[in-house]
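Work through these exercises with the model open beside you. Try each task before you read its solution.

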Amino acid sequence: MEANSFNPFSLEGKTILVTGASSGIGQVAAVYCSRMGARVVLTARNQYRLQKTFDELAPVEGGHCQFLADLTSDDDVNRLLGELPALDGAVLCAGNSVTLPLQFGTRDRFDVMFEVNFFSPVELMRLMYKKKILKKGASVVLMASIGGTHSYMPGNGVYGASKAALNSVMKYAAREYAARKVRVNSICPGMVDTPLIHRGVITDEQLAEDAKKYPLGRYGRPEDIASGVVYLLSDASSWLTGHDLVIDGGFSI
């Protein structure tokens with residue numbers, strides 16, 4: 001192999017599923033995977049935004065595909081599983097957040113957050129492994145957070161608990177799925193500038209002030225996280241499993 005053609009981060013020949021692909025980290029991760037040569041399977045709930053992501057994908061042999069699905073719906077999940085091709089990797093990005101003091105963290109608030117951030121990705125991962133949709137040697141990337149795993153800021157308890165649970169299951173799955181050489185890792189981002197943080201709960205002034213707490217002087221961008229996704233999907237990380245990759249601009253130190 002010529003030196004200038006060597007790229008252990010290439011995803012050529014791989015088929016990758018990306019959930020939550022209609023916005024934020026999932027959207028950019030899908031585009032990055034396509035640019036690295038992967039055939040990408042997209043899924044999300046919003047058809048218009050999903051199509052916008054699909055239109056941004058770099059062309060590859062065999063073409064990409066997209067499926068509209070609500071991963072909290074058993075019917076949608078079963079339909080998706082019936083349509084998925086064999087996968088070399090999966091990036092489970094679909095999720096939600098809430099800023100809420102624990103004194104207002106009622107059971108129904110926890111239930112809603114866990115349904116989206118924990119139960120849905122875990123059930124999809126479980127069934128893809130059980131049905132052998134994940135090929136031998138596949139790589140699964142779960143989108144966790146430093147919230148609940150490395151950082152414990154006031155108002156973040158409901159969200160952080162769901163992500164901490166997801167991060168814990170990742171490690172158990174990594175141990176068990178290693179029997180088929182399926183790797184499972186997570187990414188724990190710090191605050192990333194996506195539509196989720198611009199919903200009016202926190203003002204732009206508060207966000208700007210909070211960003212100063214990061215040693216690198218800014219919030220993350222979806223591109224920062226997408227690069228980590230590519231690494232965990234690629235052969236460059238072939239001896240890495242059960243790891244939570246912190247990408248947080250130095251916040252946790």
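**Exercise 1.** Decide whether glutamate 123 is buried, partly exposed or exposed, then find its salt-bridge partner.

Solution. This is a predicted model, and every value below is computed from it.
- Step 1. Take the relative accessible area of glutamate 123, which is 32%. Buried means under 20% and exposed means over 50%. Glutamate 123 is therefore partly exposed.
- Step 2. Look for the partner. Glutamate 123 forms a salt bridge with arginine 126. Their closest N and O atoms are 2.9 Å apart.
- Step 3. Check the partner's surface. Arginine 126 has 35% relative accessibility, so arginine 126 is partly exposed.

**Exercise 2.** Describe the surroundings of aspartate 210: where is it, and which residues does it touch?

Solution. 
- Step 1. Locate it. Aspartate 210 lies in helix H6 (residues 204-211).
- Step 2. The relative accessible area is 18%, so aspartate 210 is buried.
- Step 3. List the contacts. Leaving out residues up to four places away in sequence, aspartate 210 touches Met191 and Tyr219.
- Step 4. Find the salt bridge. Aspartate 210 pairs with lysine 213, with 3.3 Å between the closest N and O atoms.
- Step 5. Aspartate 210 is buried at 18%, whereas lysine 213 is partly exposed at 48%.

**Exercise 3.** State how many salt bridges the structure holds, then trace the one made by lysine 14.

Solution. 
- Step 1. Name the pair. The side chain of lysine 14 meets that of aspartate 235, at 3.3 Å from N to O.
- Step 2. Lysine 14 is in the segment before strand E1 (15-19). Aspartate 235 is in the loop between helix H7 (222-233) and strand E7 (244-247).
- Step 3. Count along the chain. The two residues are 221 residues apart, and the pair links distant parts of the chain.
- Step 4. Check lysine 14. Its relative accessible area is 16%, so lysine 14 is buried.

**Exercise 4.** Write down the strand order of the sheet and explain why E3 and E7 each have a side without a neighbour.

Solution. 
- Step 1. Read the order. Seven strands form an open sheet, E3-E2-E1-E4-E5-E6-E7, with parallel pairing.
- Step 2. Find the edges. Strand E3 (65-68) and E7 stand there, each with a single partner strand, so one side of each has no neighbour in the sheet.
- Step 3. From one strand to the next, the average is 15 degrees.
- Step 4. Zoom in on one pair. Strand E5 (residues 134-143) and strand E6 (residues 183-189) run parallel and are joined by five bridges. Leucine 142 stands opposite serine 186 in E6.

**Exercise 5.** Work out which residues of helix H3 are buried and what covers them.

Solution. 
- Step 1. List the buried residues. In H3 (residues 74-83) they are Asp76, Val77, Leu80 and Leu81.
- Step 2. Name the cover. It includes strand E2 (39-44), E3 and H4.

Key:
Residues are numbered from 1 along each chain as its sequence is written. This is a predicted model: local features need pLDDT of at least 70, side-chain atom pairs count only at pLDDT 80 or more; totals for chains, interfaces and linings use all residues. Side-chain values use heavy atoms; hydrogens and water are left out. Helices (H or I, at least four residues) and strands (E, at least two) are DSSP runs, numbered from the N terminus. Buried means under 20% relative accessible area, exposed over 50%, partly exposed in between (1.4 Å probe, protein chains only). Contact means heavy atoms within 4.5 Å. A salt bridge is a side-chain nitrogen of Lys or Arg within 4 Å of a carboxyl oxygen of Asp or Glu. Two strands pair if DSSP finds at least two bridges between them. Axes are lines fitted to C-alpha atoms, for helices over the stretch in contact, and angles run from 0 to 180 degrees between N-to-C directions.
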